[in-house]
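Here is a short briefing on one protein model. Have the sequence and the 3D view open as you read.

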Amino acid sequence: MDFYDFSKQEVPDTLALAYVDLSTLKGLMQEGVLDEGAYRRYHTLLQEMPDDGVFYPKSFNVVTREYEYEVTVNLIDQLLVAIHAGETDRDQAHLYQFLKHKFDQTGKLFGQYMRTDRTAAVKYESPSVYGLAIMFALQQGDRPLAEQLYERMLTLKGNDVRYPGGYVFKANTHIFDNLLPLLGEYALENE
């Protein structure tokens with residue numbers, strides 16, 4: 001599940017698939033914190049999840065055992081799921097080709113897309129999306145695309161002198177909009 005509410009002693013019925021970080025779960029298994037059966041269930045959850053021809057579901061309902069989609073797709077969630085699912089033998093070609101096509105077509109990746117017609121649902125770009133997209137492109141063996149994504153990501157750096165080198169927009173920022181670009185940059189430099 002996504003969380004446990006200790007005060008109410010309740011758990012939700014859903015698990016956000018972006019939280020299923022197989023490399024972290026594998027580390028927990030190797031340290032004896034997570035048993036191998038639990039790790040295998042998470043692995044299978046990502047390996048066998050459906051897609052709609054491009055996009056992955058947002059969550060898995062543990063009660064009904066059904067995957068659940070959203071009408072508007074957040075690329076951060078999609079890329080996290082894709083990167084984690086890439087640790088299985090799952091074919092990632094559909095999402096990868098979609099991202100490559102959209103970037104080739106517009107020179108940008110937007111933060112959200114409509115699931116039904118694959119059009120941008122928002123007009124903003126996110127440094128987090130680019131950081132994750134860099135890692136996904138590298139996972140797919142496409143360094144040239146990763147480099148192009150990196151160059152586009154750099155154009156989003158804020159020009160606020162109070163925060164040199166940061167991704168700050170009108171004195172507003174989010175930790176993930178700075179950490180995920182750094183992780184993408186690190187992956188590109190250390191591939």
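Ser59 counts as buried, because its relative accessibility is 9% and the cut-off for buried is under 20%. This is a predicted model. Ser59 lies in strand β2.

**Ser59 and its surroundings**
- Neighbours within four places in sequence are left aside here, and Ser59 then contacts Thr14, Leu15, Ala16, Leu17, Glu66, Tyr67 and Glu68.
- Strand β1 covers 14–16 and strand β3 covers 66–68.

**The three-stranded sheet**
- The sheet is open and has three strands, in the order β1-β2-β3.
- Its pairing is antiparallel.
- Strands of a sheet pair through backbone hydrogen bonds, in either a parallel or an antiparallel way.
- β1 and β3 are the edge strands, as each pairs on one side only.
- On average, neighbouring strands of this sheet are turned by 25° against each other, with direction ignored.
- Strand β2 spans residues 59–61, and three bridges join it to β3.
- β2 and β3 run antiparallel.
- Which residue of β3 is the bridge partner of Phe60? The partner is Tyr67.

**Helices α5 and α7**
- Helix α5 spans residues 127–139, and helix α7 spans residues 176–189.
- The two helices pack at an angle of about 25°, and their axes are 7 Å apart.
- α5 is therefore roughly parallel to α7, a label that applies to angles under 35 degrees.
- Their crossing is left-handed.
- α5 contributes Pro127, Ser128, Gly131, Leu132, Ile134, Met135 and Leu138 to the contact.
- α7 meets them with Phe176, Asp177, Leu180, Pro181, Leu183, Gly184, Ala187 and Leu188.
- By type, the residues of this contact divide into 11 nonpolar, three polar and one charged.

**Leu132 in α5**
- Leu132 is found in helix α5 and is one of the residues that meet α7.
- Is Leu132 buried or exposed? Leu132 is buried, because its relative accessible area is 2%, and buried means under 20%.
- Residues up to four places away in sequence are not counted here, and Leu132 then touches Ile76, Leu79, Leu80, Ile83 and Leu180.
- Among these, Leu180 belongs to the α7 side of the helix contact.
- Leu79 is 53 residues from Leu132 along the chain, and their C-alpha atoms are separated by 6.1 Å.

Note on methods. Residues are numbered from 1 along each chain as its sequence is written. This is a predicted model: local features need pLDDT of at least 70, side-chain atom pairs count only at pLDDT 80 or more; totals for chains, interfaces and linings use all residues. Side-chain values use heavy atoms; hydrogens and water are left out. Axes are lines fitted to C-alpha atoms, for helices over the stretch in contact, and angles run from 0 to 180 degrees between N-to-C directions. Helices (H or I, at least four residues) and strands (E, at least two) are DSSP runs, numbered from the N terminus. Angles under 35 degrees count as roughly parallel, over 145 as roughly antiparallel, 65 to 115 as roughly perpendicular and the rest as oblique. A crossing is left-handed if the near helix is turned anticlockwise from the far one by less than a right angle, and right-handed if clockwise. Contact means heavy atoms within 4.5 Å. Ala, Val, Leu, Ile, Met, Phe, Trp, Tyr, Cys and Pro count as nonpolar, Asp, Glu, Lys and Arg as charged, and the others, Gly among them, as polar. Two strands pair if DSSP finds at least two bridges between them. Buried means under 20% relative accessible area, exposed over 50%, partly exposed in between (1.4 Å probe, protein chains only).
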